[in-house]
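Hello,

Here is the structure I promised to pass on. My notes follow below it.

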Amino acid sequence: MFESSRPFAFFDYFRIPYDLRPDLGAEGCSRSPLPVRRLRLATGDGAPPRSLLWLGTDDHQGPAWPATCPLGSYRLGESTFFGHVAADAAVPPVLNQLGHGWRPVERITDGAGQRRASIWRDERGSLFLPFDLGEVMQAFWSESYQQVGRSPLELHGRAAAVRGYYLLRPALPRPLQLRLRRTFSQVQGRSPFPRWPTEDSLHSLYAWLFRRLAELASRPVPFLGLWPDGRSWALVLTHDVETDAGCQNLELLRGPERALGYRSSWNFVPLRYQVADETVRRLRLEGCEIGVHGLRHDGRDLGSRRLLAKRLPGMRAYADRWQAVGFRSPATQRQWDLMPALGFDYDSSYSDTDPYEPQPGGCCSYLPFFNEGMVELPITLPQDHTIFAILGNPDAELWISKAQFLRERHAMVLSLTHPDYAHDPRVADGYRSLLETFRGDQTGWQALPREVAAWWRHRASSAIHRSNDGWRIEGPAAASGRIQFATADGFRARP
Ligand SMILES: [Zn+2]
């Protein structure tokens, strides 16, 4: 249905079928001052095909981008995004070699609301995106957008603040720690990006492009459904056990799960307290999963590549002992470049949005994604400690409404709660009402994180092909996957 001159990250991510045709290029444009890539509809009926033109460089480090494509923070419709965008003035000389009657149809503004660039359309309906969506997705996932428009000094200051927090924290009495976090939270809660408790920019951008593609193709666009067995969303329950007290009180959270028929994942810290093999065995026997929550929970596991190398054998030894394939970083400390070196099947240390963590930020994704060979499973509900201890919410309303929002978005609801805080009745009762809300909901896939990671791998190595009787899936997702179709007004199960 589609063919593309280069790999198109959005199509790869959603498993939209296309053929790679390096010869397609942006013909007649070899002297182009902009790195234009072409994706086009393979109609085969003789009509001149419509194209989606976009920008891309082979080098994502930056120097390959011309000065007419400044790196910045931009807005398109409802979405804020970060990347290199071709300024309006640079575009017409290039597009005029690639079609007729190009005109700007949607505005892209900068952080101050000034128009900087546009989505362009020609008289036949071809589109031009003045940016590389692959670069934009990567900037969200890796949180590298945090560096856009900031000086190295600011970045250094923030890293130092995180380090300072860990150095000081053990010395501070708990009420003072909490008071500091609350004061800090008033500042963090005002951060304009990512918004909290929901930052929809990345997913709005996906939905926007799906609509444009369906219009461009004048027919529904097939993609490999996000979840297996006809489920429309996923619900994943995870816990971090911070201290020995938490380890003694797993039942506060496990009890309601068991009663309501849920399974969950438990992340333990190997060298901070004693984890009895019997505890691990019993959880596994009930169908639960065990993960590794750092080595000592001192904020230093990902301090540097050297420190990580020193600590890795210790973490790996416990991963083997517990048959753990997943990692959760203490205090969600994360370093994009270092995560794959952990050697776990999946990591779950990024939040979609969390301005309240010692390392604030958010990958803005409520779907899994890859960091090299590692599957990343973002935490998509606010943490118990944040909404009850720091922000003082009386009940689980915030959890439930966010979970319902994610359910409607066909997303992954991934919760993180701590038995250490579950003596607070708001945590235990709130967790129970979250579980009760979705009990028996057959539209959702209640899965362990390891199962979601395995599914995401299967999905990523499967493809949709056209056969005589329509579209079919080839690859490891063939048995449980479903084909879906994007239309100009949403998704459906049939073309
Ligand atoms: Zn922790």
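The accessible surface of the chain comes to about 20,900 Å². Carbon and sulfur atoms hold 51% of that surface. Bear in mind that this is a predicted model, and that every value here is computed from it.

Next, the overall build. Of the 495 residues, 55% count as buried. The chain has 14 helices and 23 strands. Its radius of gyration is 24 Å, close to the 23 Å that the globule rule gives for 495 residues, so the chain is as compact as a globular protein of that length. Along the principal axes, the C-alpha atoms fill a box of roughly 70 × 55 × 40 Å.

Now the metal. Which residues coordinate the zinc ion? They are Glu242, His293 and His297. In sequence, the donor residues follow the spacing E-x50-H-x3-H. Glu242 sits in the loop between strand E11 (233-240) and helix H7 (244-248). His297 sits in the loop between strand E13 (289-292) and helix H10 (305-322). The pair therefore ties together parts that are 55 residues apart in sequence.

Is Glu242 buried or exposed? Glu242 is buried, because its relative accessible area of 11% falls under the 20% cut-off. His297 is buried too, at 5% relative accessibility.

What is the geometry of the zinc site? The site is irregular, with angles of 57 to 151° among the four donor atoms. A tetrahedral call needs all angles between 85 and 135 degrees, so this range rules it out. For reference, the ideal angle for four tetrahedral donors is 109.5 degrees.

Last, helix H9, which spans residues 277-285. Thr279, Val280 and Leu283 are buried there. They cover an arc of only 95° around the axis, which puts them on the same side of H9. An α-helix has 3.6 residues a turn, so residues three or four places apart point the same way. What covers the buried residues of H9? The cover includes helix H8 (251-260), strand E12 (265-268), E13 and H10. E13 and H10 also flank the loop that holds His297. After H9 comes Gly287, with a positive phi near 90°.

Best wishes

Technical notes. Residues are numbered from 1 along each chain as its sequence is written. This is a predicted model: local features need pLDDT of at least 70, side-chain atom pairs count only at pLDDT 80 or more; totals for chains, interfaces and linings use all residues. Side-chain values use heavy atoms; hydrogens and water are left out. Donors are N, O and S atoms within 2.8 Å of the metal (3.2 Å for Na, K and Ca); water is not among the atoms, so sites may look incomplete. Four donors count as tetrahedral if all angles lie between 85 and 135 degrees; four count as square planar and six as octahedral if opposite donors are over 155 degrees apart and all others between 65 and 115; anything else is irregular. Helices (H or I, at least four residues) and strands (E, at least two) are DSSP runs, numbered from the N terminus. Buried means under 20% relative accessible area, exposed over 50%, partly exposed in between (1.4 Å probe, protein chains only). The radius of gyration is taken over C-alpha atoms; the globule rule is 2.2 Å times the number of residues to the power 0.38. Accessible areas come from the Shrake-Rupley method with a 1.4 Å probe; for residues, only the protein chains shown count as cover. The arc is that of the directions from the helix axis to the C-beta atoms. Contact means heavy atoms within 4.5 Å.
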